Amino acid sequence: MGENREREDALAELHSIRQSIDNIDAAVIHMLAERFKFTQQVGALKAEHGLPPADPEREKEQIQRLRALAEESHLDPAFAEKFLTFIVAEVIHHHERIAGENGR
């Protein structure tokens, strides 16, 4: 009987933890959407002034900054870099599309 109760407690705890994970996932998606709203503004500004879609120096600085933040947060810095690289690639794609729409 105690074994069943322990299993039920474990399942309840698992459910609670998963709810927290789901909440965090939702927050990450909302934050990414907000981030992309701002990067769209950057893309429009760059296109308007004939600036290149990519900014390698800025990307390098961001990678260094996020790797340091990852280390402070006990997150694998290589993962943080891969994550940022993925996001930046999408941002550049958006910027290139915006530039194309503006004839640049």
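**The nonpolar patch and its surroundings**

Mentor: Leu75, Phe79 and Phe83 form a nonpolar patch on the surface, and together they have about 290 Å² of accessible area. A patch takes residues with over 30% relative accessible area and no salt bridge, joining nonpolar side chains (Val, Leu, Ile, Met, Phe, Trp, Tyr) within 5 Å and like charges within 9 Å; areas are Shrake-Rupley with a 1.4 Å probe, and for residues only the protein chains shown count as cover. A salt bridge needs a side-chain nitrogen of Lys or Arg within 4 Å of a carboxyl oxygen of Asp or Glu. Keep in mind that this is a predicted model, where local features need pLDDT of at least 70 and side-chain atom pairs pLDDT 80 or more, while totals for chains, interfaces and linings use all residues. Numbering starts from 1 along each chain as its sequence is written, and side-chain values use heavy atoms, with hydrogens and water left out.

Zoom in on Phe79, which sits in helix H3, residues 77–101. Helices here are DSSP runs of H or I with at least four residues, strands are E runs of at least two, and both are numbered from the N terminus. Phe79 has a relative accessible area of 46%, so it counts as partly exposed (buried is under 20%, exposed over 50%, partly exposed in between, with a 1.4 Å probe and protein chains only).

Glu81 is also in H3, and at 28% relative accessibility it is partly exposed too. Setting aside neighbours within four places in sequence, Glu81 is in contact with Ile63 and Arg67, meaning heavy atoms within 4.5 Å. Gln41 is 40 residues from Glu81 in sequence, and their C-alpha atoms are 23 Å apart.

After H2 comes His74, with a positive phi near 60°.

Now step back to the whole chain: three helices, zero strands, running α-α-α from the N terminus. Its radius of gyration is 20 Å, well over the 13 Å that the globule rule gives for 104 residues, so the chain is more spread out than a compact globule. That radius is taken over C-alpha atoms, and the rule is 2.2 Å times the number of residues to the power 0.38. The C-alpha trace spans about 70 × 30 × 15 Å along its principal axes, and buried residues make up 17% of the 104.
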